[in-house]
Amino acid sequence: MVWVVFDKERVKVTSGEISLYQSSAKLQRGFCGKCGSNMSIHTEKCFDLPIGVLENPDDIEITQHIWTKRALKHVKLDDDLPKYSEFAPD
Ligand SMILES: [Zn+2]
């Protein structure tokens, strides 16, 4: 699954409600309370969304790639953006 990581302040839920599950001390997982679909990941600073839930994913300006060590073999990241095998450094 491809996730888009946003600064928490930049995301606004405009309809419906995300149900939350505290999956670890610092992380909550969001899901649809009606059908159980995986919706989001919430941390202190970030609001992550699977790219498939966005209406216009091509409108997102990607600034970096993280967790590239988990990319599937057929995924080629041939742009000039910073790439990190795990999390980006602070
Ligand atoms: Zn649903």
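User: Before we start, what does it take for two strands to pair?
Analyst: Two strands pair if DSSP finds at least two bridges between them. Take β3 and β4 here. They pair in the antiparallel sense over four bridges. Keep in mind that this is a predicted model.

User: How many residues sit between the strands in the hairpin of β3 and β4?
Analyst: Five residues lie between the strands there. Gly36, in that hairpin, takes a positive phi near 85°.

User: Let's zoom out. How many helices and strands does the chain have?
Analyst: Zero helices and five strands. Read along the sequence, the pattern is β-β-β-β-β.

User: In what order do the five strands sit in the sheet?
Analyst: The order is β1-β5-β4-β3-β2. The sheet is open, and its pairing is antiparallel. The edge strands are β1 (3–7) and β2 (18–24). Each of these edge strands pairs on one side only.

User: By what angle are neighbouring strands turned against each other?
Analyst: On average, neighbouring strands of this sheet are turned by 25° against each other, direction ignored.

User: Back to β2. How many bridges join β2 to β3?
Analyst: Six bridges join them, and the two strands run antiparallel. β3 covers residues 27–32. Tyr21 has Arg29 as its bridge partner in β3.

User: New topic. Where is Ser85 found?
Analyst: Ser85 is in the segment after β5.

User: Is Ser85 buried or exposed?
Analyst: Ser85 is exposed, because 11 other C-beta atoms lie within 10 Å. The cut-off for exposed is 12 or fewer.

User: Which residues is Ser85 in contact with, leaving aside neighbours within four places in sequence?
Analyst: Thr68 and Lys69.

User: What about Ala71? How many residues apart along the chain are Ser85 and Ala71?
Analyst: They are 14 residues apart along the chain. Their C-alpha atoms are separated by 9.3 Å.

User: Now the whole chain. What share of the residues count as buried?
Analyst: The chain has 90 residues, and 7% of them count as buried.

User: What box do the C-alpha atoms fill?
Analyst: Roughly 40 × 30 × 25 Å, taken along the principal axes.

User: Of the contacts between residues at least 6 apart in sequence, what share join residues at least 24 apart?
Analyst: In this chain, 27% of those contacts do.

User: Last one. What average pLDDT does the chain have?
Analyst: The average is 93, and 100% of the residues score at least 70.

User: Which elements have the lowest and the highest mean pLDDT?
Analyst: Among the elements of the chain, β1 has the lowest, at 94. β2 has the highest, at 97.

Note on methods. Residues numbered from 1 in each chain as written. Predicted model: local features only at pLDDT ≥ 70, side-chain atom pairs only at ≥ 80, totals over all residues. Axes fitted to C-alpha atoms, helices over the stretch in contact; angles between N-to-C directions. Buried ≥ 20, exposed ≤ 12 C-beta atoms within 10 Å, placed from the backbone. Contact = placed C-beta atoms within 7 Å. pLDDT = per-residue confidence, 0-100.
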